[in-house]
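Trainee: I am new to this one. Please walk me through it step by step.

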Amino acid sequence: MRHFGIGLLAALVAVMGALGALSPAAAQQEIVIGLQCDRTGPTQIVGTVLCPGFHDYIALVNSKGGVEGHKLRALEIDHEYKVPPAVESYERHKKEGAVTMAIYGTPQIYALAAKLTEDKIPGTSPGFGSAAAADGIRYPYIFPIAATYWSQGTAAVDFVKKQLGGSLKGKKIAFIFYDNPAGREPIEVLEDLAVIEGFQFKMFAVPPPGVEMGAQILDIAQRFRADFVIGHLFGGAPAVSIKEFKRVGYPLKKVVSFVWGSAEANIDAAGGFAVAEGYYTMQFAGVGSDYPVLNEIREMYKKEGKPAPKEMASTVYYNRGVLIAALHVEAIRNALKAKKDGKITGADVKAGFEKISNFTLGGLVPPLKVTPTDHEGGGLVQIWQVKGGKFEKVTDWYSAYTDVVAKHIKQAASK
Amino acid sequence: MIHRECGVLKTTYEADMGLYPLPIAKWTVGIIAGLFFAVIPLTLHEYYLSIANLVWIAVIGALGLNILVGYTGQVSIGHGAFMSVGAYTAANLATRLDSPWPVNLLAGGLMAAAVGAVVGIPSLRIKGLYLAIATLAGQLIIEWTINHVTFISGGVQASIEVPRPRLGSMVLSSQRDMYYFLLVFVVLAIVGTMNLVRSRVGRAFIAIRDQDIAAEIIGIDIFRYKLLAFAISSFYAGMTGVLYTYFLGIANYEQFQIGVSIDYLAMIIIGGLGSVLGSIFGAIFVTLLPIVIRLSMEAFGGMFLPQQVVLNLIPNLRLMMFGALIVFFLIVEPDGLNRLWRNIRSYFRIWPFAY
């Protein structure tokens, strides 16, 4: 045992030595993007598909000669959806000279918001995080760049209104949500809309980890008798909700889900597309594999003599990864155009983000218009329905009740 | 400490109780202090200091939990919740009353101590696993309360932004500032714990841990000391929560969920129950190991496998290696890293004349 202890000490010293020698020298021309991922934590069904999509788009840009002659490097760090590793990964990215960061996770973007602002490095929080961060004046370095939960809420109500024949007066809408801060975020907006549109609004909380919701769904279907259901669940919970709706015989064509309950993985976990027939999903990136940029990625793999990655089959999250990467690249491109010497900083990329306008990537990205005041870019979404074994587009890019969202952002800013 | 104590004979109780067993120990402490207060912060890159800061926060939390679990023998799975009590107390004070950070720090600690003492009441009747479940209930109730009572959480997002701490006109925001800020409290926490456990209170804790009926018979007020242990431990937790809040600039409820309580339990079990040094080792081990594993895999993984595979492999393999190493260390030395360290030390005590 004693000798063993010595051996152990020696091993530790050796590892420390190896670490000391480990300081990757970045090439001059390279531009670093920090990427935080969750491939192993509670939201791994997102991370394992989204992050490869991010990397593939960066590889595609690099294979075409980079951005304005600069190669890109996306440095990925997995944080298991925990906060301390996210802090560590932020500092690591900063050390490597990252000029922009793709943050992943609501608690993580909260924890890093102060640092990003102090260090003047833009960080994106697409589809999650604080909806108030759409206010570019109050949070100059946070970029939601996709519909926040508030915009998703207003879009959902607008969609329901159209489905129910143009008026919501006297109708009953149920909101089933994951009982955590992110899950409760849209409530205030929905309550406002209930007053404006005159519908009866009832909330049904699902406590984490969201695998037990039989009682709530039975209540929605048989006691409350909702005319339409808006779902806002995460992780494994959306699949459970689909199964439960099926079990109590509530028609899935009267359910619309927010963006994190709307991927192939959720449908598969619920028992496949046949089971979920009719289910409406909200999307902030295009769905399906029929986009020019995806063809280019497949082409790139073909040239290297490799098959296309299997993650591409899970189009919802893969396409979101491509979208996030593409917006970062676009911001960097704008920054490089403005600064010819190529020595861009976080502040330049921030300005680059704020110039993004009508960059659609052949329909995969909504026609966002990011401005110094609006970091959300318009809050555009599409609704896709599970139909005949795949997702089918129901609406084009749209946003609704933007005045209500604006009012709430203003209120949050004055707090 | 790390010097050879060969041939040291202690002839008085004072000498036996001393924090410094040898005069040379003072020099060692001085050198270590110099290393941590001057050499490390002035030479290392901010990135490494950020890791050190995460370690410091974990050290204070682990010390607090070790007082309760390691020294008093009361198992608790509510440490994360007590941290959140401190964090939200401080955040509310900072934003509503605009009070300075020393006040908030103390208030956060005291509030956590009060809540901890209440959660600790079941410990008077139940022990071991049963108590663990009772504290688990405490964790869940506190989590739920913060999550739903907007008066505490400051809105549905359950997060309150706090201003950076100030020292006079200086705003502490960089990792280097934070390093010093946190290190001061780490020193206070270590010295405080070392003194606590050799005092009358600490000996009462240990007596309760070893056999509480016997402790009661020799005149220790079990009621008082068990709740005191909960209060002191929660005070540390509350301080950790406040420091964490100031470190991040925000109090967010998802930073203190049940997983955090488990992580802290893991730290003190790996480090060694009932030892100050063990808490420190455990905090370092649990915080650093994932980072070390990842950095070494980033460095060497690319030699054997294509980059895309490595990217997917790193986080998974890291989790597996982390688990395997914990099991490995616990099999090698069930009493934790602290005992491993002592074994190494006693080997060198008589080196090179081993018998």
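Trainee: How many helices and strands does chain A have?

Mentor: This is a predicted model, where local features need pLDDT of at least 70, side-chain atom pairs count only at pLDDT 80 or more, and totals for chains, interfaces and linings use all residues. Residues are numbered from 1 along each chain as its sequence is written, while chains are lettered from A and ligands numbered from 1 in the order in which they are written. Helices (H or I, at least four residues) and strands (E, at least two) are DSSP runs, numbered from the N terminus. Chain A has 14 helices and 12 strands.

Trainee: What part of chain A counts as buried?

Mentor: A residue is buried if 20 or more other C-beta atoms lie within 10 Å of its own, exposed if 12 or fewer, and partly exposed in between; C-beta atoms are placed from the backbone. Of the 415 residues of chain A, 57% are buried.

Trainee: Into which domains is chain A divided?

Mentor: Domain bounds come from an automatic or database domain assignment. Here there is domain 1 (27–147 + 285–379) and domain 2 (149–283 + 381–414). Their centres, taken over C-alpha atoms, are 27 Å apart.

Trainee: How many residues of domain 1 of chain A are in contact with domain 2 of chain A?

Mentor: Two residues are in contact if their C-beta atoms, placed from the backbone, lie within 7 Å. By that rule, 24 residues of domain 1 of chain A touch 25 residues of domain 2 of chain A. On the domain 1 side, helix α12 (residues 315–338) of chain A gives the most, with three residues.

Trainee: Which residues touch the most other members of the largest nonpolar core?

Mentor: A nonpolar core is a set of buried Ala, Val, Leu, Ile, Met, Phe, Trp, Tyr and Cys residues joined through C-beta atoms within 7 Å. The largest has 231 residues, and A:Phe54, B:Val59, B:Ile60 and B:Leu243 touch the most other members. Helix α3 (residues 46–71) of chain B gives the most to this core, with 17 residues. Both domain 1 and domain 2 of chain A give residues to this core, so the core lies between them.

Trainee: Which residues of α9(A) are buried?

Mentor: Among them are A:Val240, A:Ile242 and A:Phe245. Helix α9 (residues 237–248) of chain A has 12 residues. The cover over its buried residues includes β6 (172–178) and α8 (214–224) of chain A. Just after α9(A), A:Gly249 takes a positive phi of about 80°.

Definitions and conventions. Expected span 1.5 Å × (residues − 1).
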